Amino acid sequence: ITLLLASTPPAVAQEKTSTVEDIVAAVEKHYGEQANFSATFDQMVARQHLPDRPIKKSGRVYFKKPGKMRWDCEEPDKVYYISDGKVLWNYVPESKLAYRLDVKDSELFYALKFLSGEGNLARDFNVSDGGTDGARRVLVIKPKTAEHNFQQLRFFVAAEGSTIEETELTDPAGNVSRLVFKEVSHQELPEKGFQFEPPA
């Protein structure tokens with residue numbers, strides 16, 4: 001679960017001289033104005049112990065304020081992460097297993113809560129300048145306490161300066177998960193999509 005992380009596209013103009021504080025403020029403003037978010041995603045996980053065998057996944061992600069999120073992994077296997085803002089379910093249809101977790105205990109929720117209408121980037125994380133990636137600026141996001149199960153995130157902020165096009169998470173073992181978001185939409189999402197009843 002900690003390998004998954006989200007984002008969106010377009011809004012304002014960014015000067016090359018923008019400070020980290022300017023970019024964080026623009027990102028927070030953009031996501032604060034969005035009540036719904038969905039996108040397709042491609043994920044690649046580079047593993048320390050198997051550097052020549054990365055894991056690749058793809059699917060669709062959904063966010064709805066306040067606090068609701070859903071990840072539908074379609075390739076190579078079907079796996080679903082569904083949260084109504086209180087409970088996070090991980091459902092694996094092939095094995096007929098469903099795992100239940102309180103959202104407050106989820107690293108995924110902690111890392112992404114500012115995207116789903118809760119939390120605050122500058123307050124909840126240590127944010128620093130990660131330089132540039134082409135025309136994009138990179139934000140380095142680190143947890144303020146050692147109890148959280150990731151070393152850092154990198155947010156790749158679009159040249160317009162307010163949206164995150166890619167995320168990169170490094171876990172304590174040095175594994176790196178990179179997510180790319182495409183086909184972004186802010187259309188209204190139905191509440192029922194964030195509700196889950198485990199089958200028999």
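This is a predicted model: local features need pLDDT of at least 70, side-chain atom pairs count only at pLDDT 80 or more; totals for chains, interfaces and linings use all residues.
E183 is exposed, with a relative accessible area of 59%, whereas R60 counts as partly exposed at 22%.

The closest N and O atoms of E188 and K64 are 2.6 Å apart. E188 counts as exposed at 62% relative accessibility, while K64 is buried, with a relative accessible area of 5%; K64 is therefore under the 20% limit that defines a buried residue.

E168 and R154 form another salt bridge, in which the closest N and O atoms are 3.0 Å apart. Because E168 lies in strand β10 and R154 in strand β9, this pair ties together parts that are 14 residues apart in sequence. E168 is buried, with a relative accessible area of 12%, and R154 is partly exposed at 22%.

Both residues belong to a network of salt bridges that links D133, R136, R154, E165, E166, E168 and R178. The count of salt bridges comes to 16.

## Nonpolar cores

The largest nonpolar core has 15 residues, and those with the most contacts inside it are V27, L121, L139, I141, L153 and F155. At least two residues of this core come from each of α1 (20-32), β8 (136-143), β9 (152-157) and β10 (164-170), with α1 giving the most, 5 residues. In soluble globular proteins, nonpolar side chains tend to be buried together.

Leaving aside neighbours within four places in sequence, I141 is in contact with L121, F125, N126, V127, F150, Q152, L153 and F155. Apart from this core lies another, of 14 residues, which includes F37, V79, V103 and F181.

## The chain as a whole

The chain has 3 helices and 11 strands, which run from the N terminus in the order α-β-β-β-β-β-β-α-α-β-β-β-β-β. Of the contacts with a separation of 6 or more, 50% join residues 24 or more positions apart.

Buried residues make up 46% of the 200 residues in the chain. The accessible surface comes to about 10,200 Å², and 51% of that area belongs to carbon and sulfur atoms.

Conventions: Residues are numbered from 1 along each chain as its sequence is written. Side-chain values use heavy atoms; hydrogens and water are left out. Helices (H or I, at least four residues) and strands (E, at least two) are DSSP runs, numbered from the N terminus. Buried means under 20% relative accessible area, exposed over 50%, partly exposed in between (1.4 Å probe, protein chains only). Contact means heavy atoms within 4.5 Å. Accessible areas come from the Shrake-Rupley method with a 1.4 Å probe; for residues, only the protein chains shown count as cover. A nonpolar core is a set of buried Ala, Val, Leu, Ile, Met, Phe, Trp, Tyr and Cys residues joined through side-chain atoms within 4.5 Å. A salt bridge is a side-chain nitrogen of Lys or Arg within 4 Å of a carboxyl oxygen of Asp or Glu.
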